[in-house]
Amino acid sequence: MKDSFEKSTIIAAPRAAVWAALVDAQAFGTWFLCRFDGPFVIGERLGAEITGYGHEGMPFWIEPVEIAPQERLVFDWPAGEEVSGDAPVTRVTFTLTEEGAGTRVTVVESGFLSLPPEVAERKYPDNEGGWTIQLQNLTAHVEA
């Protein structure tokens, strides 16, 4: 088991367009298939609910820890089904870089080695596969 994984894709759009789809909670929710209770604010836990994938109504939250305009979005979120204040978390980092006429989006999720082993063994492959799908969703949203 590794502590993190990395996924990357190139989106045929300027960095500003990709950034808008990441940093605006409503836009993020559109491609991620969730609904947030408000905007992303550093250090504030933001409630959310999944609206698709057969998990409709499932609550979760994210807590932004860094928002570097058009460069990086970093947030923590619960690693399992438990979403209480002391739930184990992983960290998600989106990094944007220009590549040709498009934008490379790299997502890294880390912190799996700090989770209880039974949670890590389940969530690592689930989330790794999930981010493949979510990057496809993000690409389709931005390129539409």
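Which residue takes a positive phi in the hairpin of E6 and E7? The legends below get to that one.

This is a predicted model, where local features need pLDDT of at least 70 and side-chain atom pairs count only at pLDDT 80 or more, while totals for chains, interfaces and linings use all residues. Residues are numbered from 1 along each chain as its sequence is written, and side-chain values use heavy atoms, with hydrogens and water left out.

**View 1. The hairpin of E6 and E7.** Here's the answer: Gly 100, with a phi near 60 degrees, in a hairpin that has two residues between the strands. Strands (E, DSSP runs of at least two residues, numbered from the N terminus) pair if DSSP finds at least two bridges between them. E6 (residues 89–99) and E7 (residues 102–110) run antiparallel, joined by nine bridges. Look for Thr 93 with its bridge partner, Val 108 in E7.

**View 2. E5 and its two partners, E4 and E6.** On one side, five bridges tie E5 to the antiparallel E4 (residues 59–68), with Glu 66 partnering Val 74. Three residues sit between E4 and E5 in their hairpin, and Gln 70 in the turn has a positive phi of about 60 degrees. E5 (residues 72–78) also has seven bridges to E6, again antiparallel. Leu 73 pairs with Phe 94, and Trp 77 stands opposite Thr 90. Six of the seven E5 residues are buried (under 20% relative accessible area, 1.4 Å probe, protein chains only).

Notes:
Helices (H or I, at least four residues) and strands (E, at least two) are DSSP runs, numbered from the N terminus. Buried means under 20% relative accessible area, exposed over 50%, partly exposed in between (1.4 Å probe, protein chains only).
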